[in-house]
Amino acid sequence: MTTECVTVGKSVTRIDAAEKVTGSVQYVDDLPFGPSLLYGKLLHSPHAHALIKHLDATKALALPGVKAVVSGKDTPKPIGLYLKDRTIFPIDRVRYVGEVVAGVVATSEEIAEKALELIEVDYELLPAVFDPYLAAQPDAPLLHPDLGKYEVVNFVFPEPGTNVSEHFKLRKGDVDAAWPKCTAIIEDTFSLPQIQHVPIEPHIAVARWDKDNQVTLWAASQSPFAQRDLIAQSLDIPHGDLRVIAPYVGGGFGGKAGISIEANVVVMARAVKGTPVKVRMTREEEFLSTNVRQSLVGKYKIGVDGEGNLTAMQVEYYFGGGSSNEYGTNIARAAGYSCTGPYDCPNVKGDSRCVYTNTQIGSAMRGFGMPEIHWGLEQIMDRLADQIGMDRVEFRKRNCVRTGDTIVTGMKMPAIDLIKCIDLAAKGIGWGKKEAPTGPNKLRGKGIAIMWKAPAMPPNPGSSAIIRFNEDATANVFVGGQELGQGTFTVMAQIAAETLGIPYESIRMTVNPIDTRYSPYEWQTVASRLTWSMGNAVKAAAEDARFKILDTVAKYWKEDIKDLDIKNGVVVSYKSEREQPLKKMVVYGLPNENYEGWQGGPIVGSGKFMPTYVTNLDPDTGQGTRAVVHYTVGAQAVDLEVDTETGIVEVLKIVSAYDVGKAINPDLVLTQIEGGAVHGMSSAFEGYIYDEKGKMLNHSLVDYKIATSMDAPRKIQGEIVESAVEDGPYGARGVGEHVMVQTAPAMANAIADALGIRFNHLPLSAEKIYLAMLEKGIV
Amino acid sequence: MLHEITFKVNDETVTLAVKSHHTLLKALREQLGLTGAKIGCENGECGACTVLMDGEPVNACLVLAVEAEGHSIETIENLNKSGELHPLQKAFVKNNAIQCGFCTPGMLMMAKGYLAKNPNPTEDEVREALVGNLCRCTGYIRIIESVLEAAKEVA
């Protein structure tokens, strides 16, 4: 019996390619809702921190065409994923410039916009705080006096009476006793501003609340099931009466995970029962009023002994969580249990805090805390290597985590090969070779950085799948995870085909849209978890269907099921060498001898997966048996040059090597590696700019630039390492987020190589770099 | 105020009543049901709504519907009208130059319009031609490669 895979491990064509290149694929905004469709617009707070004393919508409601105005009085019950610290519309307080205060429903967008100007709100201004470190100090203005009364999951630890919504503590060994043993110690502070996901498709939701209280929400969503759960709880809708329909998403990156405007739109639809209401965020609103990546102030003290062994690490992370930390608490937690980065160190003291600030809500974004903490970590590792005179690559290989290590939380490291990733990245970039600049007035350098990241989730997020056969032996595969561009539907089809023993071409992914009424449950499309978790569910469903088929044929042939297999859509017996095509029998079954009765029937397989082995951690030490399911690790090397006349950085080449366990579709892994490298590069130049009152200033794609076709490096070399994980389908684990985690510090390390200058604070703007060169006397 | 305009869309003549301030993008999407051109910024900053106007790529969000009077518009829906994928579409599929797909229609129309003017571009020229079409997923390299590959087919 051969175990070689037929479909898994092959770079088959994307299952969604044809509909995407022809423009026929429908996103939420492309769905028809008929002429009765109403339009919603949102009123945003002009103040960073204020009490809402009075809200009067009388004049707005008097405007012809205005159907309803809703606000905090309509949404008394809290909402939130990990910490229920907000209501759908704010009741008595706004906490950032841009926060949604009220919603208008009207017959046209123009009328709704006019009505916004007619809503009168009396505010009483309060002092605001924007910097997460300052916000965590005892004298900071308090954003949530009710913290402590909010419902919270049992693995998040808010500190009532402060702005700290989560404080994760990691204690291992004894750092104080270890400092004297260190030959070199670096102590420094690093920071990152808020950045935006900038999906090309803005946030959009359409809702209809029928007169019989059946509710439908169409949303550009990474999380249709989580949104159903959160909205159902907050608005007292039975889960079975709330239907979330989510077609393909035009880019997510975490920004469409959890909840943002969707609940607001449902409340607006409730006010005009029977008629659908559509809200599409403008690009300006995307920047001002949707979720962002949290800011971070990171304070590090790291020491090594004379042989280059990491000896002690003390880190303090202050995440700027924004006005609500309902999702963001878990980012600080993830940064806490992974606080060392991919390193083995005997003495660790880590404190990771999520802190309320008067800024946009900090929520999930590709990397979920890891790009933030690696920014400082990976620069300090370079500096420590330099101080003790060790090569930067050798230093990392000496200290990085290996399979079987007892890592910082006390769990055993599942199979990884980070050393191989480092070697591939170093080799690909030509480590140790100094390259000549491509022209005059340019300085060139190389840098490397490594990373780790575990799926950051509750301990028990579930996946499920259903497989249903058709007469011609094609199979419909139903899942509830979302296609954001990462290629998950293609990967699921490959896993299903491989496990069933039928051709890839026979699979029909029945997934567009994901519909909570018909699709099997999936927690959320986040945490790079689908290939692994949903893949396990699809594999289980395929095994279930396969067993039912083989059981039928075994009875028909009167053979032992153990001797049977399915190959290319045909059941074969290794014992009798008989063959039975799947066609027809997967629906009609097979007759007994002389047609005295029948076996089998329509084949439907179902499967589920939920990790059952993750444990909570000790609240005082962060120690426990198994903090996470597993880690994905990787290395990135960058070759770049700096224009000494302008300070502009041009990235020439990026080499990325990641251990994905098993590449179900190698070319799709490479597309993640390439796209992620450019996303990571772009992130190093991005950042929210605020005025002193907390208003974001660069709220357009002209002022907030993302990488264009001219900025993309000439060459991105992807390398795939495969150390199979025990708990993944065919050994696979996720890689979608990891590919951008350490790009910014790899670039900073390359800039240091080129200029001899270190930058502790993102973004790496040309102005900042030019002024630093000026100060150093390079220009 | 409503204006009656007559123009060609994907080789067919259409007459529409449009409001003065409505864009070509709104007319295409809401009145003609051609939703391939996407709304990404409504400010000419992202390129997701790129269509061809007399063969020239334009941001349909920056063209008023009334300005289309007498002109010929081509959208993504026309690119494989023959039933077979256009060489650009084939190259995008072959090279996995698509992820979420939201920028893809605009990217393809920009590339088509550009290749009509410059059938043998260099890599640098393609990069420059696509600079107004933002993509957050792919990192552009496969898109650039696909356009260069398709250029050989089209030329």
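Of the 155 residues of chain B, 58% are buried, a residue being buried if 20 or more other C-beta atoms, placed from the backbone, lie within 10 Å of its own. The model is predicted: local features need pLDDT of at least 70, side-chain atom pairs count only at pLDDT 80 or more, and totals for chains, interfaces and linings use all residues. Residues are numbered from 1 along each chain as its sequence is written, and chains are lettered from A in the order in which they are written.

Chain B contains five helices and five strands, where helices (H or I, at least four residues) and strands (E, at least two) are DSSP runs numbered from the N terminus. The order of these elements from the N terminus is β-β-α-β-β-β-α-α-α-α. The C-alpha trace of chain B spans about 45 × 30 × 25 Å along its principal axes. The radius of gyration of chain B, 15 Å, agrees with the value near 15 Å for a compact globule with 155 residues; the radius is taken over C-alpha atoms, and the globule rule is 2.2 Å times the number of residues to the power 0.38. Of the contacts in chain B with a separation of 6 or more, 60% are between residues 24 or more positions apart, a contact requiring C-beta atoms, placed from the backbone, within 7 Å.

Chain A has 18 helices and 31 strands, and 60% of its 779 residues are buried. Its C-alpha atoms fill a box of roughly 95 × 75 × 55 Å along the principal axes. For 779 residues a compact globule would have a radius of gyration near 28 Å, and the 27 Å of chain A agrees with this. Residues at least 24 apart are joined by 79% of the contacts in chain A between residues at least 6 apart in sequence.

The contact between the chains takes 40 residues from chain B and 45 residues from chain A. On the chain B side, helices H2 (87-94), H3 (104-117), H4 (123-129) and H5 (141-154) each supply at least two residues. This side has 21 nonpolar, 12 polar and seven charged residues, with Ala, Val, Leu, Ile, Met, Phe, Trp, Tyr, Cys and Pro counted as nonpolar, Asp, Glu, Lys and Arg as charged, and the others, Gly among them, as polar.

Terms used: A residue is buried if 20 or more other C-beta atoms lie within 10 Å of its own, exposed if 12 or fewer, and partly exposed in between; C-beta atoms are placed from the backbone. Two residues are in contact if their C-beta atoms, placed from the backbone, lie within 7 Å.
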